[in-house]
Structures are given as structure tokens and as C-alpha cells.
Amino acid sequence: MVFQYSKRIRLLDFYQNCCEDRVLSEDNINKGETMDDINRQRKYNVFVSFQEWVSKQEKIKNEEIDITYSYWDGSGHRRSARMKKGHSMSQFLHRCIENLRKEFTELRTATVDQLMYIKEDLIIPHHYTFYDFIVTKARGKSGPLFSFDVHEDVRMVADSRVEKDESHAGKIVLRGWYEKNKHIFPASRWEPYDPEKNYDKYTISDKLQR
């Protein structure tokens, strides 16, 4: 799944380049160039464009961002970690657990595989990167997955209103805690992230009725 986003974007870039090249090709035909010349130029243009795109994406992946998160054990313990956009959720959780071990005894022997990352009511698989969500502007149930500036989760302060463009601190929980409490709010709202699903129509009333 992690490569589907990049693959789609890559195909869109290729398609755009081919369209631009076709217009260029028609002009060149009028100038007397052969189709072999035009095809060679087209392939070169696509190759150069793709290399430029790859270079640009690598620069984005190396950009640093501050991720605000909340270790959740029934109440929130907010912290932050500086990561690169290209880092995976697994790398992020590893950084977090190293910082949290000193404070929480239940995490002293825990491994990354025993942790879950919940963003906008979605359980995010460990192989995804921050880049995957940023570049596709992916959305969750209660806000954007690609934004890491944090607002208060209004559902936790007895207010049913929420702005769709607000992002909330992702929750880090132990899988054991989740299994014991998945029938209780807020864990009862969480579901595995599906990149093919559109969450734009998910409303607060849906949350309150479920």
C-alpha cells in the first residue's frame, strides 16, 4: 500500500509530460523533424522530468517536522518528537517509546510491535510514512492526516463541534490496552486506515451515534 500513492503521482506526472510532449511533437512535425527525433526527445524529456521529480521528493522527505502526540492509557500524556517527513510510523514509534520508557513502567519492556498509532480516529499501519499522507493530503475521520499542527479534540471537552481542517494530536497506545478498552470511547471509534476509503463524509453526529 505504501507505494500506491507514489505510483499514482508518478503516473500522473508521466501523463502530464506525455501530453506536453505531444503538443511539442505536433509543432516539430511542422518543422520537418522525423518521428524518431521526436520520440527520442520525448523519452529524454520524460526521463529528465522524472529525475527532477525524484530529487524534489527526496528533499521533501528529508524535511523535519515536529509531531505532537499523546501517549494514551485512559488519559492523555502529550509529548512531541522531531522527525523527518520520510520516516515511517515504525521509526516514529521507536523514537517515542525511547522517550516514554523513563516515565511509564508499562513501556519499559514494550516493543514497537506492541504499540499502535491512532490519528484522526484511524489506526495507522506501521509501514506508512508521514510523507505518504502529506503528499496525498490524506484525511481521517476527524481531520487531516497530513497536518501535524495540533488543536484540542473537542469531543474530549464536551463540545460536539469540530472544524474539518483541524488536526488533533495522534494517540500512541499499547495494543493490550486497546484490546481491553476497544468497546469504550474513544477506542470504540477507531478503525484501521483504508487508503481507498473516503472519510470526508464522516461527521460528528456519526461518531456520537455509533
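A charge is taken to sit over a ring when NZ of Lys or CZ of Arg is within 6 Å of the ring centre and within 35 degrees of the ring normal.

**Figure 1. Lysine charges over aromatic rings in the predicted model.** The views in this and the following figures are drawn from a predicted model. The charged end of K171 sits over the ring of W72, at 5.1 Å from the ring centre. A further view shows K61, whose charged end is placed over the ring of Y131, 4.8 Å from its centre.

**Figure 2. Overall arrangement of the protein chain.** Six helices and six strands make up the elements of the protein chain. Their order from the N terminus is α-α-β-β-α-β-β-α-β-α-β-α. The protein chain has 210 residues, and 41% of them count as buried. Among contacts with a separation of 6 or more, 59% are between residues 24 or more positions apart. The accessible surface is about 12,300 Å², with 51% belonging to carbon and sulfur atoms.

**Figure 3. The largest nonpolar core.** In soluble globular proteins, nonpolar side chains tend to be buried together. The largest nonpolar core of this model comprises 39 residues, and F92, I124, I172, W190 and Y193 have the most contacts inside it. Elements that give two or more residues to this core include β1 (64-72), β2 (76-84), α3 (89-100), α4 (130-136) and α5 (175-181). Helix α3 provides the largest share, six residues.

**Figure 4. Surroundings of I124.** I124 is one of the residues with the most contacts inside the largest nonpolar core. Leaving aside residues up to four places away in sequence, I124 touches M89, Y117, K119, F133, L145 and Y193.

Figure 5. Nine aromatic pairs are counted in the model. The ring centres of F92 and F130 are 5.5 Å apart and the planes meet at 80°, so this pair is edge-to-face. The pair links distant parts of the chain, since F92 belongs to helix α3 and F130 to helix α4, 38 residues apart. Both F92 and F130 are buried. One aromatic cluster is formed by Y69, F92, Y117 and F130.

**Figure 6. The tilted pair of W177 and W190.** The rings of W177 and W190 form a tilted aromatic pair, 6.4 Å from centre to centre with 40° between the planes. W177 lies in helix α5 and W190 in the loop between α5 and β6 (191-192), so the pair ties together parts 13 residues apart in sequence. W177 has a relative accessible area of 19% and is therefore buried, buried being under 20%. W190, at 6% relative accessibility, also counts as buried.

Terms used:
Residues numbered from 1 in each chain as written. Predicted model: local features only at pLDDT ≥ 70, side-chain atom pairs only at ≥ 80, totals over all residues. Heavy atoms only, no water. Helix = DSSP H or I, 4+ residues; strand = E, 2+ residues; numbered from the N terminus. Buried < 20%, exposed > 50% of the residue type's maximum accessible area, 1.4 Å probe, protein only. Contact = heavy atoms within 4.5 Å. Areas by Shrake-Rupley, 256 points an atom, 1.4 Å probe, with all protein chains shown as cover. Core = buried A, V, L, I, M, F, W, Y, C linked by side-chain atoms within 4.5 Å. Phe/Tyr/Trp six-rings, centres within 6.5 Å; stacked < 30°, edge-to-face > 60°.
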